[in-house]
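Colleague: I would like to learn how to read a protein model feature by feature. Could we take one together, slowly?

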Amino acid sequence: MEYMLEVAILPVSDVDRSLAFCTERLVFDLRVDYGPSPDFRVVQLTPPGSACSVQIEWVSPKPSLAR
């Protein structure tokens, strides 16, 4: 049996900035950019020649516990 990694999920604080970096500097191919609402967006990129994609997803900052 052969196992292969198909998608790696990377949490980011700024999807647009991360998307620009991956496409402009790393030259990844944009496969999916789907955002049906302000709270949900899926961006999937693939490095040239790779069978594994990277999915970047927005992670909201954790609320501070200090008062």
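Predicted model: local features only at pLDDT ≥ 70, side-chain atom pairs only at ≥ 80, totals over all residues.

Colleague: Which residues of the helix are buried, and which are exposed?

Modeller: The general idea comes first: an α-helix has 3.6 residues a turn, so residues three or four places apart point the same way. In this structure, helix H1 covers residues 15-25, and its buried residues are Val-15, Ser-18, Leu-19 and Cys-22. Seen down the axis of H1, these buried residues fall within an arc of 100 degrees, so they line one face of the helix. On the other side of H1, Arg-17, Glu-24 and Arg-25 are exposed.

Colleague: What covers the buried residues of H1?

Modeller: The cover includes four strands, namely S1 (7-12), S2 (29-37), S3 (40-46) and S4 (53-58).

Colleague: And which residue caps the N-terminal end of H1?

Modeller: That residue is Asp-14, which has a side-chain oxygen 3.2 Å from the backbone nitrogen of Asp-16.

Colleague: Why does Gln-44 count as buried?

Modeller: Gln-44, which is found in strand S3, counts as buried because its relative accessibility is 18%, and the cut-off for buried is under 20%. The side chain of Gln-44 also makes a polar contact with the side chain of Ser-53, at 3.4 Å. If we leave aside residues up to four places away in sequence, Gln-44 touches several others, among them Val-7, Leu-30, Val-32 and Val-54.

Colleague: Which residues line the largest pocket?

Modeller: Again the general idea first: rolling a probe the size of a water molecule over the atoms shows where empty space is left. Here the largest pocket holds about 150 Å³ of space, and its lining consists of Val-15, Pro-38, Asp-39, Phe-40, Arg-41, Val-42, Gln-55, Glu-57 and Trp-58. The elements that give two or more residues to this lining are S3 and S4.

Colleague: How many residues of that lining are nonpolar, polar and charged?

Modeller: The lining of the largest pocket divides into five nonpolar residues, one polar residue and three charged residues.

Conventions. Residues numbered from 1 in each chain as written. Heavy atoms only, no water. Buried < 20%, exposed > 50% of the residue type's maximum accessible area, 1.4 Å probe, protein only. Arc of directions from axis to C-beta. Contact = heavy atoms within 4.5 Å. Polar contact = N/O pair within 3.5 Å; in protein donor to acceptor, adjacent residues only side chain to side chain. 1 Å grid on protein atoms, 1.4 Å probe; cavity = no way out; pocket = protein on both sides within 12 Å on 5 of 7 lines; lining within 4 Å. Points joined across faces, edges and corners; volume = space filled by probe spheres on them. Nonpolar A, V, L, I, M, F, W, Y, C, P; charged D, E, K, R; others polar.
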